[in-house]
Amino acid sequence: MGPVKEQRRKRMPRAERERQMLEVAEEIFAERGYRDTSMDEIADRVGVSKPMIYEYFGSKEGLLVACIRAARAELLAATIASVEGVGSAEEALRRGLTAFFEFIDSHRQSWKIIQAEATVAGQQAVDEIEAGRQQQTEINVTLFSSFLPDVPHAELEAYAEIVVGACERLATWYVHRDVSAADAAELVMRMVWFGLRPD
């Protein structure tokens, strides 16, 4: 609490202030749930006025949507970094899956809240979560097509949707258990790799 209060007196660049607001908001959404999160508490923890948060994000839903969008950008960067320079489809899939579950591991509480309460927050939040699914599907299609060039695009899209759906459901299971990201990735590999493996 002390360092945040001290920062109240300092001028901070807008991008840094926005990042700070998002970090605190994600933390409080995870602690309290969307409905019980107070914009006053977020403002107090960040050390800014409540009107400033509204100026940045428009509403509590806008703030949740911005949290989801920031998480989506982080997941995209982690996924892309995980598959750079891979030499085989199997390695690419395993690395991408592990990166996804490592991301979920570092956002366990937020994941629970977002999955459970996005519909409570409103359509914007639901749409942002769907955009995250589509982002992961597109990454998978690109990845699969580089290793499976003879498979029709529509089929690759179907495989990608299957993987994204499986990962999302497994992540919901995973956040409540003491399972490593690598082990969770391996569970998905066992289910999908034999079907995707090139002959």
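In helix α4, the residues Ile 53, Tyr 56 and Phe 57 are buried (under 20% relative accessible area with a 1.4 Å probe and protein chains only; exposed means over 50%, and partly exposed lies in between). Because these three residues cover an arc of only 75 degrees around the axis, they lie on the same side of α4; the arc is that of the directions from the helix axis to the C-beta atoms. Pro 51 and Glu 55, on the other side of α4, are exposed. The cover over the buried residues of α4 includes α2 (14-32), α3 and α5. Just after α4, Gly 58 adopts a positive phi of about 85 degrees. The model is predicted; local features require pLDDT of at least 70 and side-chain atom pairs count only at pLDDT 80 or more, whereas totals for chains, interfaces and linings use all residues. Residues are numbered from 1 along each chain as its sequence is written, and side-chain values use heavy atoms, with hydrogens and water left out.

The axes of α3 (residues 39-46) and α4 (residues 50-57) come within 8 Å and cross at roughly 100 degrees. Axes are lines fitted to C-alpha atoms, for helices over the stretch in contact, and angles run from 0 to 180 degrees between N-to-C directions. The two helices α3 and α4 are therefore roughly perpendicular to each other (65 to 115 degrees; under 35 counts as roughly parallel, over 145 as roughly antiparallel and the rest as oblique). Met 39, Asp 40, Ile 42 and Ala 43 of α3 meet Lys 50, Ile 53 and Tyr 54 of α4, contact being defined by heavy atoms within 4.5 Å.

The largest nonpolar core has 29 residues, of which Leu 97, Phe 100, Phe 101, Ile 104 and Tyr 174 touch the most other members. Such a core is a set of buried Ala, Val, Leu, Ile, Met, Phe, Trp, Tyr and Cys residues joined through side-chain atoms within 4.5 Å. Two or more residues are given to this core by each of α5 (60-83), α6 (89-106), α8 (123-147), α9 (153-174) and α10 (181-196). Leaving aside neighbours within four places in sequence, Leu 97 is in contact with Val 163, Cys 167, Ala 185, Val 188 and Met 189. Another core, of 26 residues, lies apart from it and includes Tyr 56, Leu 63, Ala 66 and Ala 121.

Overall, the protein has 10 helices and zero strands (DSSP runs numbered from the N terminus, helices being H or I of at least four residues and strands E of at least two). Buried residues make up 45% of its 199 residues.
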